[in-house]
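Biologist: Can you put the model up? I have a few questions about how it is put together.
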Amino acid sequence: MNPLTNVKNIQKLGEQELLGDRKTSWHDQYKNSAWIFIGGLPYDLTEGDVITVFSQFGEVVNINLIRDKDTGKQKGYGFLCYEDQRSTILAVDNFNGTKILGRTIRVDHVSNYKAPKDSKNIDEETKKLRKEGCAPKKFNY
């Protein structure tokens, strides 16, 4: 399906939900996952840039921007995990269809995210990030 068609379909679901009198939301089917898919990202954004943008709706605990295996360049899409699943609803409803640096992004829920398998070319920092995430460590005082 065309990415822009998908953006419009997600927006239509939100509008139908606002007009309808249903007791549950279409977001409820994703209540067990705090991961979202982000597509259409500008290629020069880094993980830190994406975290900065998406942290306005909650604490980001992990991110996986998909990169080319040979060049290491970002491919324009990735996955992001929030500390609280409710943040995914805010991100999907507010970011889907918006523009970042002139590119329309697609943001959608992910029901069962599977972390990528580590290849032999992956560096130690990326392995650590995938295992532990990027959230600040909690301190016990």
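Modeller: We can go through the sheet, the helices across it and the salt bridges. Keep in mind that this is a predicted model.

Biologist: Sheet to start with. In what order do the strands run, and is the pairing parallel or antiparallel?
Modeller: The order is S2-S3-S1-S6, four strands in an open sheet, and the pairing is antiparallel. S2 and S6 (106-109) are the edge strands, each pairing on one side only. From one strand to the next the twist averages 20°.

Biologist: How many bridges between S2 and S3?
Modeller: Six bridges, in the antiparallel sense, with S3 covering residues 74-82.

Biologist: Which strands does H2 lie across?
Modeller: H2 lies across S1 (35-39), S2, S3 and S6, and runs at about 135° to S2.

Biologist: And H3, which strands there?
Modeller: S1, S3 and S6, with H3 running at about 150° to S6.

Biologist: Which residues of H3 are buried?
Modeller: In H3, residues 86-95, they are Ser 87, Thr 88, Ala 91, Val 92 and Phe 95. Looking down the helix axis, these buried residues fall within an arc of 135°, so they line one face of H3.

Biologist: What comes just after H3?
Modeller: Gly 97, which takes a positive phi of about 90°.

Biologist: Changing topic. How many salt bridges does a search of the whole structure find?
Modeller: Three. One of them joins the side chains of Glu 47 and Arg 67, at 2.9 Å from N to O. That pair links distant parts of the chain, 20 residues apart: Glu 47 is in helix H2 (residues 47-54) and Arg 67 is in strand S2 (residues 60-67).

Biologist: What is the relative accessible area of Glu 47, and of Arg 67?
Modeller: Glu 47 has 22% and is partly exposed. Arg 67 is partly exposed too, with 31%.

Biologist: Which residue does Asp 84 form a salt bridge with?
Modeller: Arg 86, and the closest N and O atoms are 2.6 Å apart. Asp 84 counts as partly exposed at 29% relative accessibility, while Arg 86 counts as exposed at 58%.

Biologist: Asp 108 and Arg 106, what is the N to O distance there?
Modeller: Their side chains meet at 3.9 Å. The cut-off for a salt bridge is within 4 Å, so the pair counts as one.

Biologist: Is Asp 108 buried or exposed?
Modeller: Buried: its relative accessible area is 12%, and buried means under 20%.

Notes
Residues are numbered from 1 along each chain as its sequence is written. This is a predicted model: local features need pLDDT of at least 70, side-chain atom pairs count only at pLDDT 80 or more; totals for chains, interfaces and linings use all residues. Side-chain values use heavy atoms; hydrogens and water are left out. Buried means under 20% relative accessible area, exposed over 50%, partly exposed in between (1.4 Å probe, protein chains only). Helices (H or I, at least four residues) and strands (E, at least two) are DSSP runs, numbered from the N terminus. The arc is that of the directions from the helix axis to the C-beta atoms. Two strands pair if DSSP finds at least two bridges between them. Axes are lines fitted to C-alpha atoms, for helices over the stretch in contact, and angles run from 0 to 180 degrees between N-to-C directions. Contact means heavy atoms within 4.5 Å.
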